[in-house]
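I opened my notebook to look up how this chain is packed. My entries follow the structure.

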Amino acid sequence: LIDRLQNKIKSINDTKVITEMKQSSYKKLFDAFNILILLLSTLLTIIEAIKNDVDVERTTESKKQFFKLTPIVISTTIGFITAIIKFKRFQEKLETNTKAIEKSTFTTFRMKKLQEDLYFANEEKFLKLKEIYKEEIFPLYNQAQGDLESILQFKDLIKYSAIKKRLENKGNKTLLQLHNKEVEFNKNLYD
């Protein structure tokens, strides 16, 4: 049962990491859109302030057109970006992802606690813990895993699994290099 729980912990953690990567991508895009809206709004405010200080009617025709059309273009762009954000439902997706990630973290915690309890359990306690697993932990695991998987599309699994694998390989290579340096250091120390 301890090994079974460990396999489920690994499975839910792998799915959670991929969901977190997707969440990070969504957040970056959402933040970029919001920063762009802020910049455009600031630019619009500056143009409007200058327009109020400058006597537009006494300027050249090109400046008149600039002060008439630029605020319209900027306002329309802000509206368009806002519509894209609402249409793509970035805020809702971010909240859904966050809830699923939190649920999977809680589930992982519960499974690790059960593993620890199982390790020290006698036969009577084991039977009680086995029932807790069947009645509480496994349904919780299924629900958390289902929530995570419902967020991910097949292309997300392919894309982020490849990124995850590259990061893991890079981390393993770094660990191996550190281990080799430690072995060399210890060898030199003892020599």
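**Entry 1: a serine and its contacts**

I looked up S104 first. Leaving out residues up to four places away in sequence, S104 touches I12, K16, A144 and L148. Contact here means heavy atoms within 4.5 Å. S104 sits in helix 3.

The model is predicted: local features need pLDDT of at least 70, side-chain atom pairs count only at pLDDT 80 or more, and totals for chains, interfaces and linings use all residues. Residues are numbered from 1 along each chain as its sequence is written, and side-chain values use heavy atoms, with hydrogens and water left out.

**Entry 2: I101**

I101 also has its place in helix 3. Helices are DSSP runs (H or I, at least four residues), numbered from the N terminus. I101 counts as buried because its relative accessibility is 13%. Which residues does I101 contact, leaving aside neighbours within four places in sequence? I found K16, T19, E20, Q23 and L148. I101 and L148 are 47 residues apart in sequence, yet 7.2 Å apart in space, C-alpha to C-alpha.

**Entry 3: the cores**

I turned to the nonpolar cores. Such a core is a set of buried Ala, Val, Leu, Ile, Met, Phe, Trp, Tyr and Cys residues joined through side-chain atoms within 4.5 Å. The largest one has 15 residues, and L5, I12, M111, L114 and I137 touch the most other members. Helix 1 (2–53), helix 3 (90–119) and helix 4 (123–151) each supply at least two residues of this core. Helix 4 gives the most, with seven residues. I checked L114: apart from neighbours within four places in sequence, L114 is in contact with L5, L129, Y133 and I137. Another core lies apart from this one; it has 14 residues, among them I37, L40, I47 and I81. I wrote down a general rule: in soluble globular proteins, nonpolar side chains tend to be buried together.

R89 is found in the loop between helix 2 (61–88) and helix 3. Phi of R89 is near 55 degrees, a positive value in a residue other than glycine. R89 counts as partly exposed, because its relative accessibility is 45%.

L1 lies in the segment before helix 1. With a relative accessible area of 30%, L1 is partly exposed.

Technical notes
Buried < 20%, exposed > 50% of the residue type's maximum accessible area, 1.4 Å probe, protein only.
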